[in-house]
Amino acid sequence: MAAYLDRLARLAFRRRRIVVFLWLALLALVGLGAATASTATSSSFSLPGTESQRALDLLERRMPDSHADGATARVVLRAPADTQITARAQQSAVQEVIEDLRAGSAQVASVADPYETGAVSKDGSTAFVTVTYDATAPQITDATREALNEAGARAEHDGMRVEIGGDALAVAPEPGAGEIIGVVIAGVVLAITFGSLAAAGLPLMTAIVGVGIGISTITALSNVLDLGSTTSTLAMMIGLAVGIDYALFIVSRYRAETAEGKEGEEAVGHAVGTAGSAVVFAGLTVVIALAGLSVVGIPGLTKMGLAAAGTVLIAVLIALTLIPALLGFAGKRITGRKKSDRPRARRERNGGTRWARFVLRRPRHVLLLGVLGLGALALPASSLELGLPDDGAQPASTTQRKAYDLLSDRFGPGVNGPLLVVVDGDRTAADQTATALKKIPGAAVITAPTANAAGDTSVITVVPAHRPSSESTEHLVQEIRRETGHDVLVTGTTALNIDFSQKMNSALVPYLALVVGLAFILLMIVFRSVLVPLKAALGFLLSVTAALGAVVAVFQWGWLGSLFGVEQTGPIVSMMPIFMVGVVFGLAMDYEVFLVTRMREAYVHGEQPHTAIVTGFRHGARVVTAAAVIMIAVFAGFIGSGEPMIKMIGFGLAIAVFFDAFVVRMAIVPAVLALLGQKAWWLPRRLDALLPDIDIEGAKLSSSFAPLTSSSPDATVDERPEADQRVAL
């Protein structure tokens with residue numbers, strides 16, 4: 001592979017004008033397609049195979065006018081002090097609100113009169129109007145939301161307090177300061193790392209080009225493929241991360257090659273042939289992780305994963321072709337100050353060298369401290385509770401949260417998440433089901449059955465006694481399903497959230513097995529070893545579990561919650577574990593491949609195992625550190641979001657990258673390799689014969705590689721066969 005990538009890079013270097021033109025033409029083409037594509041409607045959401053989805057499908061066929069899968073809004077109205085919501089003047093004001101809501105948008109399917117439905121509190125101070133729409137929450141237009149808010153605002157003029165909740169107000173988070181801050185920090189870190197504005201700007205520029213092509217393609221195809229706005233958000237996040245990483249790896253290797261005396265085409269070819277090989281296999285691990293999201297069985301999640309995987313592939317292609325072309329234009333400006341003017345010993349005694357030598361002196365201590373530290377942080381993960389945030393998790397200043405609290409105080413917390421029990425049978429079956437439901441503890445209110453015109457389907461509303469995201473409500477749903485027959489189905493937003501959480505939870509182990517298994521095989525091909533891929537997989541599991549423990553401690557238990565702006569603790573977002581596994585696994589394997597590949601390269605070219613560890617850190621530690629700091633900054637920028645889910649994802653990804661890059665890859669990995677010594681690169685002969693030889697180390701590129709065992713100050717290694725070998729300092 002190294003020889004092929006070398007030829008590809010040399011071709012891109014020589015034909016750089018054509019290569020740059022082709023990439024810019026592609027960007028312009030997909031940009032034009034995105035600009036001229038019809039406005040995308042938000043993607044539909046479905047949970048195939050779940051009871052809640054079967055109930056919605058049944059209602060769609062038998063009771064289409066119910067709009068069971070449509071968005072809803074709750075307009076909560078509280079009468080002024082010393083008055084009742086049932087007073088004539090207040091009733092007149094409420095009726096005006098109802099009329100405004102009905103006339104406000106064509107998307108409104110029905111508006112329930114609180115005086116007819118009994119939606120008036122026992123103390124007579126508060127009532128709520130339920131608005132049902134014939135569109136799902138993501139399909140609600142801005143004009144519809146504006147009409148909803150205006151109807152409430154007019155009621156406030158009559159002296160009433162008005163708060164509005166429900167998923168009809170939910171909007172997709174817009175890109176904000178988080179992304180901008182991340183890019184700015186990335187530029188600063190790159191400038192410090194390279195000491196050259198040209199070298200720092202190149203990774204940013206190519207990453208933005210790659211993300212631009214990916215996002216424009218998704219936008220152009222969003223209507224055709226039914227892609228939602230979250231698809232673009234994930235693709236942008238991952239595309240920016242790997243795009244900067246891959247460019248950083250290759251530019252760094254190019255600068256190293258020029259420092260060794262190579263110039264122009266030769267330096268580009270050797271850089272892409274070696275670091276580019278690592279980029280290819282690192283990219284494949286990310287693609288596997290993202291495409292593997294399809295095992296969950298949720299169509300929307302599958303599309304998100306595949307779209308993000310496509311953006312990663314674009315980043316890999318840009319790294320292999322556009323970067324060599326731009327390096328040709330940049331010339332010597334990319335190298336900054338000439339390192340070759342400094343003494344060789346000084347150049348090679350950098351921070352990475354000193355850290356590697358420290359770990360090699362105390363591998364057992366470093367390994368024990370790293371494993372015990374991450375293990376302790378992972379303990380809270382044993383109490384992980386999954387769910388989806390409701391309005392109760394919104395910031396206290398929002399109208400959604402205020403409406404949620406008003407309903408909880410005056411009607412009970414379960415009103416915020418009623419269950420719909422669908423009976424597939426005649427009216428007798430519906431009455432029998434209602435009687436059975438009254439015997440199940442945990443329900444505050446059970447309404448009379450409402451049948452369709454044909455009389456073969458009925459709906460019973462069950463109001464839980466506890467808040468929608470509580471364990472008690474989940475137990476209630478499970479108990480209803482257990483105590484009623486197969487012709488009785490439970491659905492509604494709360495039941496959908498519960499089913500979604502269970503589906504994500506049950507898919508986590510198969511997803512881990514698929515991703516880690518395929519990546520293990522891939523890394524075994526890359527490193528020609530069994531123990532190195534095993535160590536990489538176990539280290540990842542340790543770091544991601546520790547990150548989940550930190551998420552539970554902050555967002556579920558409330559530890560240091562005020563520091564991160566957590567106003568309401570609760571269950572962890574259902575998609576958080578599997579999403580974190582997919583994203584962090586890809587980035588972790590980036591660092592693993594780049595760092596350990598350099599060690600493997602030195603080992604293949606004649607260095608002893610311990611010396612190869614030092615060589616790998618001397619060349620790779622600075623780059624991996626810079627890449628990790630950039631990713632942490634990008635993800636941490638989302639912690640300031642007002643959306644609880646975005647805040648949680650930003651924190652989880654930032655802390656996971658920190659643990660994996662700085663504890664696992666930079667500490668545990670060299671400690672394990674030091675203890676294993678020569679055994680780290682062991683591979684059974686039969687397996688060695690079966691695996692393809694891809695030459696990721698670039699052994700075929702040049703035969704002039706000089707082992708550092710005699711010339712490098714780090715090569716004074718006592719290669720004893722014992723497990724406690726040490727660098728002789």
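Colleague: Glu163 in this one, buried or exposed?
Modeller: Buried, since its relative accessibility is 11% and the cut-off for that class is under 20%. Keep in mind that this is a predicted model.

Colleague: Which residue does Glu163 meet in a salt bridge?
Modeller: The side chain of Arg161, at 3.4 Å from N to O.

Colleague: And Arg161, what is its relative accessible area?
Modeller: It is 36%, so Arg161 is classed as partly exposed.

Colleague: How many salt bridges does the structure hold?
Modeller: It holds 20.

Colleague: Let's take Asp424. What is its salt-bridge partner?
Modeller: Arg62, with 2.9 Å between the closest N and O atoms. Asp424 belongs to strand β6 (residues 419–424) and Arg62 to helix α3 (residues 51–62), so this pair ties together parts that lie 362 residues apart in sequence.

Colleague: How do those two count by accessibility? Asp424 to begin with.
Modeller: Asp424 has 30% relative accessibility, so it counts as partly exposed. Arg62 has 29% and counts as partly exposed too.

Colleague: What about Arg665, which residue is it bridged to?
Modeller: To Glu592, the closest N and O atoms being 2.7 Å apart.

Colleague: Is Arg665 buried or exposed?
Modeller: Buried, because its relative accessibility is 1% and anything under 20% goes in that class. Glu592 is at 1% and counts as buried as well.

Colleague: Which residues are linked in a network of salt bridges?
Modeller: Asp6, Arg10, Arg14 and Glu265 are linked that way.

Colleague: Changing topic, cavities. How many of 30 Å³ or more does the search find?
Modeller: Four, from a search of the whole structure.

Colleague: What volume does the largest have?
Modeller: About 80 Å³.

Colleague: Which residues line it?
Modeller: The lining of the largest cavity is Arg253, Thr274, Ala275, Ala278, Phe594, Thr597, Arg598, Glu601, His619 and Gly620.

Colleague: Which helix gives the largest share of that lining?
Modeller: α20, with four residues. Helices α10 (264–291), α20 (576–604) and α21 (609–636) each contribute at least two residues to the lining of the largest cavity.

Colleague: How does that lining split by class?
Modeller: The largest cavity is lined by three nonpolar, four polar and three charged residues.

Colleague: And the second largest cavity, what is its volume?
Modeller: The second largest cavity has about 60 Å³. It is lined by 13 residues, of which Thr206, Ala207, Gly243, Ala315 and Ile318 are the closest to the centre.

Colleague: Which elements supply at least two residues each there?
Modeller: For the second largest cavity, α8 (197–225), α9 (229–259) and α11 (299–330). Its largest share, five residues, is from α11.

Colleague: Last thing, the surface. Which residues form a nonpolar patch there?
Modeller: Ile180, Val184, Val188 and Ile192 do, and together they have about 400 Å² of accessible area.

Colleague: Where does Val184 sit?
Modeller: Val184 is in helix α7, which covers residues 177–194.

Conventions:
Residues are numbered from 1 along each chain as its sequence is written. This is a predicted model: local features need pLDDT of at least 70, side-chain atom pairs count only at pLDDT 80 or more; totals for chains, interfaces and linings use all residues. Side-chain values use heavy atoms; hydrogens and water are left out. On a 1 Å grid over the protein atoms alone, a cavity is a set of points where a 1.4 Å probe fits but cannot get out, and a pocket is an open set with protein on both sides within 12 Å along at least five of seven lines; lining residues have an atom within 4 Å of a point. Grid points are joined across faces, edges and corners, and a volume is the space filled by probe spheres set on the points. Ala, Val, Leu, Ile, Met, Phe, Trp, Tyr, Cys and Pro count as nonpolar, Asp, Glu, Lys and Arg as charged, and the others, Gly among them, as polar. Patches are made of residues with over 30% relative accessible area and no salt bridge: like charges are joined within 9 Å, nonpolar side chains (Val, Leu, Ile, Met, Phe, Trp, Tyr) within 5 Å. Accessible areas come from the Shrake-Rupley method with a 1.4 Å probe; for residues, only the protein chains shown count as cover. A salt bridge is a side-chain nitrogen of Lys or Arg within 4 Å of a carboxyl oxygen of Asp or Glu. Buried means under 20% relative accessible area, exposed over 50%, partly exposed in between (1.4 Å probe, protein chains only).
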